[in-house]
Amino acid sequence: MRKLLLLALFFVSLACSKEHVTLQLPWLNQFQFAGYYIAKERGYYANAGLDVTILDAQKKEASIKSVLEGKAQYGVGHSSLIVNYVNGDPLILMAAIYQSSPMVLLTRKDAHITDAKELKDKRVMLTRDMVQWAEIQTMLRSVGLTVDDLQVQPHSFDPMSLARGETDAMVAYISNEPYILKKAGVETYAINPKEYGFDYYSDILFTTKQEITEHPERAEAFYEASMKGWLWAFDHIDEAAEVIYRKYNPQHKSLEALIYEGRTLKELAFRPNTAFGSIDPVRLEMIAQGYRLVGILQSIPSFEPLLYNHSVMHLNEKEKAWLKAHPVVRVGIDHNWAPVESIDEKGRHSGISASYLELLEKRLGIHFEVDYSRQLWSDSIRAVQKKELDMLSCAAITDKRKESLLFSRPYLKQSIVIVADSGVGYINDLNDLGGKKVAVVRSYATEEYLRKNHPNITPVLADNALEALQKVESGDAYACIEGLGVVSYLIERNGLKHLKVVGETPYRYELSFAFRNDWGMLASISDKVLASMTPSEYQEIHGRWMVMEREKPVNYIIIWSVAGFLAILFLLIVYKNRRLDVLVRQRTDELEIFNQRLQEEIEKAVAKNRKQEKLLMQQAKMAEIGSMLESIAHQWRQPLNILGLSMTRLSLSCSLGGSKEASNVIDIAEAQIEYMSQTIDDFRNFFKQDRSQISVNINDLVNDVQALLGPLLVRKKISVKREIDPSMNVLVYPNELKQVLINLINNAREAIEHHRGAERWILIRSQSDERYCTISVEDSGGGIPMTIIDKIFDPYFTTKFESQGTGIGLYMAKTIIEKHFLGKLSVYNTPKGACFDIRLNRAVQADSGIPT
């Protein structure tokens, strides 16, 4: 009895030792707030010394009011929190869970309302709080509408109001209402402010300056545990949905609806090259411009003081003492897993994991002593399990490893894909590999996945990832499964031309630091370091990664259908040709008469040749201008929207005599104009005609071309590589050479998009001798079919649809190089794609006459 009493007292004291905090949500419990439930249910808050109460909005109390009045220490809000901040509320924004807002205007598809401007005089259900849906207002303003142009209805918060025809549009979350209505047989269309250039944050975790100042360690602990909960929730959507379905479901949503909500919201939470939860102050200023234009804000201050500084770590006394007692940490590594980690040519540890170790050393003031003696990965794992080493710099988290190792939060994630010979078709899943030999690395997570979940597949063990790929190339294994980033790197660097990614698996690597099981303190400290990373640190480490696109499955039904159709078409053509032979004979005599007349017409056409050539040159240049406009358009979209709204507001202000308001609007307009001015200059300089040949630096000229096309290439996920001597000059008409390069780069971009290969790059290089300079533009677009490679420089020859190409771009490029510069333009295929060579005379001036 006494022991039970002591045990009870122990647990009571333990509970009392935890700090109690409250989180206020702005709406009813649902997957929208999954990360906080998971942090509570999985013990992340408890492990951080926190006892967290999560309140939903059943009492209809606004989260901002609850936090400011001290009823809750933390809250979840919208981008409208910046309005509270400007108005003097002492807020701190900690994390933006959704990088794009799920808020849209929802319409029925059969109503054919697909554009914001079509909402004029339509019934629209809006909520009372106009600040909360400011992005909807700015979107309306951008198409010339205001709320007064709508038939505003109070929101029923019942999506079936749209199904019953009681309204034409309603404010909705794209993760909720579309699913409910689809289940009811109603197809919907979402009018999204993001598509109009108004991309707002949503579900921002916030607190007060007082909480950060008086309880910095508590704030950091709450932030870290919450982020850990969110990452787990998005990595385990089905399991998280089950938790919410059982314990946090006042709306009685189905499990299927919660899973749909989670998958939809995950797309809004993650953005390439952006750390989860990050908030960009520059983007906050752009959002604030929208609030200012609708009259909610009068001025825009700096938003730096509004943001929580995660780069400041808060280590407690126990953690500091532990680090002091362990100044040296022995680290096991993988010698052959580039680019994640490997040994470089100087025998040093390098790669993504090495960069993270350097970050930890810098933040913690300890030294990581890398052990190079164990050549095999399996030996390094066993050494940590036996406590001969203290940690692994990079290890995938698996259930089996959790039994003997402790892990930090993941710092890198990779999809695990299937690699096979290039002649193998698309593999839908691992079940298609039953009975086959599949190469995996010994003691990697992939070996565990195969042995545990796919006993019908025969593992072929290799000592490293490169050896596993080579086993596929040699035929010792049918396929290999490995991380996408690793296989892409190794295939390219080692010339494994006959291998390709042929499918994906349901698994992925979650790569973390792994520690001996009695070093939980260092695991916890490492989590704090990873949570404190700034966006620039994250981008510096991950910036070398190239976005790779996997091949999509081949639909053989469509292929055979098309083949059958073409066969029938071929037979019809043969029959038609036989009939045409008879007609051809009848027309031969007539053609002889026409030949004489045609010769006379040709002589007249030759006289007009120069004039026609000039027209073609201008037409080619206009085609390239179209491509540049596409590149420039996405940079201008939001600034132009803001300028348009500014002018509308300025007109209204002037009519009402509001000089101060007019001055504010002019400030907004000037800021946007300054943003766009450089782009205008670049475009104008390209369009300007050259009067004479001058000596230009090739590297500078390529810089000018990339400034025009760079944004479009980035958006298409195409990287530009260079091998150019920065001191190399050539005598040319600069804008004509730019026109040629723009044409070649655009053709390369289109080839890469059409090819849809794993590699997406364009290489620009130069070579020279005393007389000639050669500029090469090479791509990874799969090459030019040999049947047409001799025709591509012919005028009006194009492989594109008529609406997409004129067929004169390459013809005019060849004309410019060979006639105006006395050079040569040629093309040939490479193993990856096509390469165009521009050979120019370094000092000889062409005598072609007038440049276009």
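Three strands form an open sheet in the order E12-E13-E14, and the pairing is antiparallel. Strands here are DSSP runs of at least two residues (E), helices are runs of at least four (H or I), and both are numbered from the N terminus. Two strands pair if DSSP finds at least two bridges between them. The edge strands are E12 (336-337) and E14 (349-350), each pairing on one side only. E12 and E13 (residues 341-343) pair over 2 bridges, in the antiparallel sense. Asn-336 has Ser-342 in E13 as its bridge partner.

This is a predicted model: local features need pLDDT of at least 70, side-chain atom pairs count only at pLDDT 80 or more, and totals for chains, interfaces and linings use all residues. Residues are numbered from 1 along each chain as its sequence is written, and side-chain values use heavy atoms, with hydrogens and water left out.

Now for two helices. The expected span of a helix is 1.5 Å times one less than its number of residues. Buried means under 20% relative accessible area, exposed means over 50%, and partly exposed lies in between (1.4 Å probe, protein chains only).

| Helix | Residues | Expected span | Span in the model, end C-alpha atoms |
|---|---|---|---|
| H21 | 520-531 (12 residues) | 16 Å | 17 Å |

H13 has 10 of its 13 residues buried, so the rest of the structure largely encloses it. Among the buried ones are Pro-281, Leu-284, Ile-287 and Tyr-291. Asp-280 caps the N-terminal end of H13. A side-chain oxygen of Asp-280 lies 3.0 Å from the backbone nitrogen of Val-282. After H13 comes Gly-295, with a positive phi near 85°.

H21 is mostly covered too, with 9 of its 12 residues buried. Its buried residues include Leu-522, Ile-525, Asp-527 and Lys-528.

Two loop residues come next. Contact means heavy atoms within 4.5 Å. Ser-278 sits in the loop between H12 (255-269) and H13. Ser-278 counts as buried because its relative accessibility is 16%. Not counting residues up to four places away in sequence, Ser-278 touches Ala-96, Gln-99 and Tyr-201.

Glu-118 lies in the loop between strands E5 (103-108) and E6 (123-126). At 32% relative accessibility, Glu-118 counts as partly exposed. Leaving aside neighbours within four places in sequence, Glu-118 is in contact with His-112 and Ile-113. Glu-118 and Leu-145 are 27 residues apart in sequence, with their C-alpha atoms 9.7 Å apart in space.

Terms used
Polar contact = N/O pair within 3.5 Å; in protein donor to acceptor, adjacent residues only side chain to side chain.
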